[in-house]
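We will go from one stop to the next.

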Amino acid sequence: MDTHFRNIIARIFEYIRGEGGSFDGLAKELFALQYERVEPYRRLCDLRHITPKDSRTIPAIPTNAFQEFEITSLPPDDRPNVFHSSGTTSSEPSRHYHNAESLALYEESLSHWFNQHLQPKQRMLALTPPPIQAPHSSLAYMLQSVQFSEPCFTGKAKNDAWIVDIDETLQFLRENRTPITLAGTAFSFVHLCDGIEPLKLPSGSSVMETGGYKGRSRELSKTQLHALITSKLGVPPENIVCEYGMCELSSQAYDTRAGQGGTRRFRFPHWARTRIVSPEDGSEVPLGATGVLEVIDLANVRSVLAVRSCDLAVRHEDGFELLGRTPLTESRGCSLNLA
Amino acid sequence: MAELEFPNYFLIDLPPEARLDPGMLREALRQIKRNRRQYIHEMSTDDVVKVIARLANNWCDDLFPFRKFTLEEGPKNMGFSLETLRKGLDQFFGRITEESLHNLLSQEFGDSQRLDRPASIPEERLENRMAMAVGPELIGHITAGNLPCPTLMCMIHGLLIGSAQFVKCAQGAGFLPRLFAHSIYEAHNKFGACLELAEWEGGEAHLEDQLFAEANCITAVGRNETLSAIRKRLPEETHFLSHGHRVSFGFISKDMMTRAIASEQATLAADDVAAWDQHGCLSPHVFYIQAEGIVGGEQFAQMLADALDQKERNEPRGNLPASTAANISELRSVHEMRAANTGDIRLWQSEDSTAWTVVFDHEQGFTTSCLNRFVYVREVADLDEVLRTAEMVRNQISTVGLAATKLDASDLVHQLAHWGVTRVCPIGKMQNPPLTWRHDGRPALGNYVRWTDWEM
């Protein structure tokens, strides 16, 4: 068995729980291990002439590498779980492999930070399909894992698309009169809100919304979406929490705590550090400037801890503001939109 | 900063808070039509040519206030570096002379006087015929945002054929057209009186309806969906000249791939990639290198990378918004991962910036670049292979930059013409077509006019 990984996983567990360890030390050690064991990553480092011995920085692997290459140290016979990126493009999805140990760490990571932003004791109504219907969704897996009690899933997976079962959702709401946590993707909230008459969730209920639209519903700005949720579900804005996550990471960021109000800023937990870097030279941008979001996530133990997202973000002292995906086509120039 | 006072002469001069309404637009369109009847109608083509040639000459002069202002304020308004802008202006205006304008008129009409009076060419004289050409009363130009030159060229064409013109600039793309319009007004206020410009976001149907109702010719540059949407809204009798987006590539035959010639061609190829930061339809996305020359495709890619690096020192690429730069760095990372892991791809890139990128790979066919000096180099057996594998962009290629021996060139051009390419030129000239260029293979001026034949 893999004692190196087992050993570092145990120490990352401790670090997550605040029982000691240093971020830099663990990151360096994990980088060395991943350099040795994740072949496509090692080759990238070699091409850049970076080795764990002499490097002060950990090269971030782009999320698109998860589409074309197997970014994992797990042997093919030890990959019981794989999470796929969502999206409606024709390209291959990203794949992030897990085994029992890496999943345990994943669960620890997501519950810890979720608990600090939402209320794990509340009953959860999830607008995603249940993991059994969406086995490759890291979001469905997460919603299944974070609450103390079994969530009610009212999303359905139909030919790769997710829809919300409005009747089932309304039935749950009729039967359940205690405060709940309602969680789902931005487009599932649009589906729900467009399909119902205004109602009021029990006071104290909160909403966790995540992800973009990917063409699956009409697209609203964050403010418009929150206003829609408030008007249709009676949840005040301060009880709406945005989550930022992706299948290539094992930790998530939240932009506020339920009930807190005030300025929204995304923050990862202490075991995942962000850098907002200039797309020009890769250096960290000054406060207030826009760059590409990179995350060093200690919970990404069997893939690669340093991940470069496709998202643009504004760097702030107390977190970051998400601007969203970099557009994949050039709009200013004379170019063709080839299918 | 240059001091330049613009009189409030065109709609585009209105302060941003002033909202253009359909009534104002209709009145402006009718006014320029009235002005055309009153002023332009009586001017001879020779006079028009003189005014345009003098104006173009002024635009090449560093002391000309409009040029000065463009060079000072252009980089931040248009996103090109000073050097790229200067070179672009020099190339564009440098080719506009009295001689080239007369050549253009002769090419299009057989006789450059035909816009003034009935005239004939020898073949017509044999049949005792004459003919004259008349430009549309009002042309509406719906311009694209990517490059200023095509817009300026449309305006010059309209002046030559004596039409009133309305130029609808894409949002944020009116900087240079506006300056050019003011320079026309200053050069000859009667010309200026037949010109109107405004800037609005595409899809303002209530404004566009006014334009479509008043103009008898509409030109438009844009995506195919945009063009067909416009076509549907035009009255039956309105003449519509549309230009869909096009892309371009280069081809170098193996006989040109000696060390000396290849290196020279790489320098010229870098000129084409750098011109207007690759934003035009005429900018190359891919260079195909025929295999079995002394220098191979991979070596050529290296030479092109060196040339682009050199170019960056003398003629830097413009600053990009973070999203565009992020797009380039994301694409680079895709290629970098492949280079590291599959070994059949190589990547050259500017250090600590996204200024230029060269990818050599073994993919087949055509790949559209993300632009801003990002170019692919591929090795192919011959031109047949290029055309076979680039079927997806057939009829969407504007220009092919060609380097081949004189002996082969004519056959290659024949092949390209039948495949649907509308312009072939030397590498290094891709972004600099002559004034007589037939855009998308159609007559430059002949397309606008209506003929009146006179059988005597």
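Which residue in β12(B) does B:Val247 stand opposite? Select B:Val247, then look across: the residue opposite is B:Ile397. Keep in mind that this is a predicted model.

**Stop 1**

Now select the whole of β7 (residues 247-252) and β12 (residues 397-403) of chain B. These two strands run parallel and are joined by five bridges. Strands of a sheet pair through backbone hydrogen bonds, either parallel or antiparallel.

Turn the view and compare neighbours.

**Stop 1: the five-strand sheet**

Stay in chain B. Five strands form an open sheet in the order β4-β3-β2-β5-β6, and here the pairing is parallel. Why is one side of β4 (195-199) and of β6 (239-244) of chain B left without a neighbour in the sheet? Both stand at the edges with a single partner strand each, so one side has no neighbour there. Neighbouring strands of this sheet are turned by 15° against each other on average, direction ignored.

Select β2 (residues 138-142) and β3 (residues 164-169) of chain B. They pair in the parallel sense over five bridges. Pick B:His141: its bridge partner in β3(B) is B:Val167.

Two helices come next. Helix α1 (residues 22-38) of chain B packs on the sheet and touches β2, β3 and β4 of chain B. Helix α8 (residues 175-187) of chain B also packs on the sheet, touching β3 and β4 of chain B.

**Stop 2: chain B as a whole**

Zoom out. Chain B has 16 helices and 14 strands. Its radius of gyration is 23 Å, close to the 23 Å that the globule rule gives for 456 residues, so chain B is as compact as a globular protein of that length. Buried residues make up 49% of the 456 residues.

**Stop 3: where the chains touch**

Show chain A as well. Here 29 residues of chain A are in contact with 34 residues of chain B. Select α3 (39-47) of chain A, one of the elements on the side that touches chain B. This helix gives the most to that side, with five residues.

Which residues of α3(A) are buried? Pick A:Pro40, A:Tyr41, A:Leu44 and A:Cys45. They cover an arc of only 140° around the axis, which puts them on the same side of α3(A). Now show what covers them: α2 (23-37), β1 (61-62) and α4 of chain A are included, together with α14 of chain B.

End at A:His49, which follows α3(A) and has a positive phi, near 55°.

Technical notes
Residues are numbered from 1 along each chain as its sequence is written. Chains are lettered from A and ligands numbered from 1 in the order in which they are written. This is a predicted model: local features need pLDDT of at least 70, side-chain atom pairs count only at pLDDT 80 or more; totals for chains, interfaces and linings use all residues. Two strands pair if DSSP finds at least two bridges between them. Helices (H or I, at least four residues) and strands (E, at least two) are DSSP runs, numbered from the N terminus. Axes are lines fitted to C-alpha atoms, for helices over the stretch in contact, and angles run from 0 to 180 degrees between N-to-C directions. Two residues are in contact if their C-beta atoms, placed from the backbone, lie within 7 Å. The radius of gyration is taken over C-alpha atoms; the globule rule is 2.2 Å times the number of residues to the power 0.38. A residue is buried if 20 or more other C-beta atoms lie within 10 Å of its own, exposed if 12 or fewer, and partly exposed in between; C-beta atoms are placed from the backbone. The arc is that of the directions from the helix axis to the C-beta atoms.
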